[in-house]
Amino acid sequence: MSTQSLVFSDQDLQARNTLGLPARAAVAVLDDESVIPALCAALAAGRNGQEADDPLFILGGSNLVIEARPRHRILRVALRGIRLRDETASHWVVEAAAGEPWHGFVDHCLAQGWPGLENLALIPGTVGAAPVQNIGAYGLELDQRLHSVVAWDLRSGRERTLRPDECGFSYRDSVFKRDGAGRWLIVRVRFALPKAWASRLDYPDLRDHPGLRSEGGAPGSESGSLRPTPRQIFDAVCDIRRRKLPDPAVLGNAGSFFKNPVIGADQAAGLKQRFPDLRTYLQADGRVKLAAGWLIEQAGWKGRRLGPVGMHARQALVLVNHGGAQAADVLALAQAVRADVQARFGVELEQEPVVLD
Ligand code: EPU
């Protein structure tokens, strides 16, 4: 099967999804932007009834539950390159190709003296996948540092540059995710990194990390002694993640398997009365975010297995593949956890990873 210059061939995808699920599909590797117009033309021809190909899925791989034989054809983006695109009085505008590994990109920016992404260290996946999920961790979300996304709209066959307000970002969501993984082909992502760098230490785990205490300074102290460098924050984030979150290369997982649910203030108050230890985070709009990991732990699922899969022993929000799991095992466990949390707390958990069938 081919789309002019792009050649699709049957490939094993087990090592290309972080849950480590066995899968084979028709895969093409995109390492040259010049073939994209031909891809768009072929897709348009398919839509017009000529030689309709199987639907296309743009592979991120780190936030995915993949079936053994998906009907989708897979496009793996392997475009590489990082450059300082622009420098204004206030910002460095850094551009990275979509196939750059995310963590290496963050590290490279720090080494170049362009801080600002250090709270997002060690997140698996690529630069191109980062806006799809609007990745976030330790008090920072990608949209807060985004300049623009250069993406091909495969439906119209046109290249677009989307500003942050055009990307429909919200918590772990964007137009790229909502429109489905076959519409937007992200080729480059640009970041606006402020020259007046300031540490982001709102997240308790990070603020209290021993690596960020300077001489004589107490964690969270207001004495001004807490002045970590971007590199120290990067190292602390890596340390926290390594301690809590399993390395997908060792134990298959897709990070947090559910979003932290956001509920109404009244429901939250009622729950807090029944469960005084409930973790609650007041949102700007008055609603309340709950810690899904806490709910799952209280429902008895922390460290518990169902067949070859289970909820992680150190972070109950992370579903892990202990070996030999298929997509159906993952979805069965997700359903059991969701049902138990619903029965105990009356709260609906929404799955983070996309299912590819
Ligand atoms: N908690 C428990 N038991 C658990 C896990 C968590 O009681 O088994 C409690 C913790 O004690 C804490 C609260 O839940 O009070 C929050 O836990 P944590 O700080 O580990 O963060 P999280 O809310 O579980 C979110 C993101 C992570 C991100 C971290 C750090 C979501 C769905 N997850 O996890 O993102 O790294 O915060 O910012 O928002 C991901 O999306 O894949 C991901 C890993």
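The model is predicted, and local features need pLDDT of at least 70, side-chain atom pairs count only at pLDDT 80 or more, and totals for chains, interfaces and linings use all residues. Residues are numbered from 1 along each chain as its sequence is written, and side-chain values use heavy atoms, with hydrogens and water left out.

**Ligand site**

The ligand is surrounded by 24 residues, of which the closest are Y138, Y171, Y203, E297 and Q315; a residue is counted here if one of its heavy atoms lies within 4 Å of the ligand.

| Residue | Protein atom | Distance to a ligand oxygen atom |
|---|---|---|
| Y171 | polar side-chain atom | 2.7 Å |
| Y203 | polar side-chain atom | 2.5 Å |
| A316 | backbone N or O atom | 2.8 Å |

Taken alone the ligand exposes 820 Å², and the protein buries 84% of that, with accessible areas taken from the Shrake-Rupley method with a 1.4 Å probe. The elements that give two or more residues to the shell are β10 (136–137), α6 (230–244), β15 (252–256) and α8 (292–298), and α8 gives the most, with three residues; helices (H or I, at least four residues) and strands (E, at least two) are DSSP runs, numbered from the N terminus. By class, the shell has ten nonpolar, six polar and eight charged residues, where Ala, Val, Leu, Ile, Met, Phe, Trp, Tyr, Cys and Pro count as nonpolar, Asp, Glu, Lys and Arg as charged, and the others, Gly among them, as polar.

**Helix α9**

Helix α9 has 19 residues (327–345) and should span 27 Å at 1.5 Å a residue, which agrees with its end C-alpha atoms being 27 Å apart; the expected span is 1.5 Å times one less than the number of residues. In α9, A327, V330, L333, A334, V337, R338, V341 and F345 are buried, that is, under 20% relative accessible area, whereas exposed means over 50% (1.4 Å probe, protein chains only).

**Two buried residues**

H72, found in the loop between β6 (64–66) and β7 (73–77), is buried, with a relative accessible area of 13%, and a polar atom of its side chain lies 2.8 Å from the backbone oxygen of D357. P131 lies in helix α3 (residues 130–133) and is buried, with a relative accessible area of 0%.

Definitions and conventions: A polar contact is a pair of N or O atoms within 3.5 Å; within protein, one must be able to donate a hydrogen and the other to accept it, and residues adjacent in sequence count only if both atoms are side-chain atoms.
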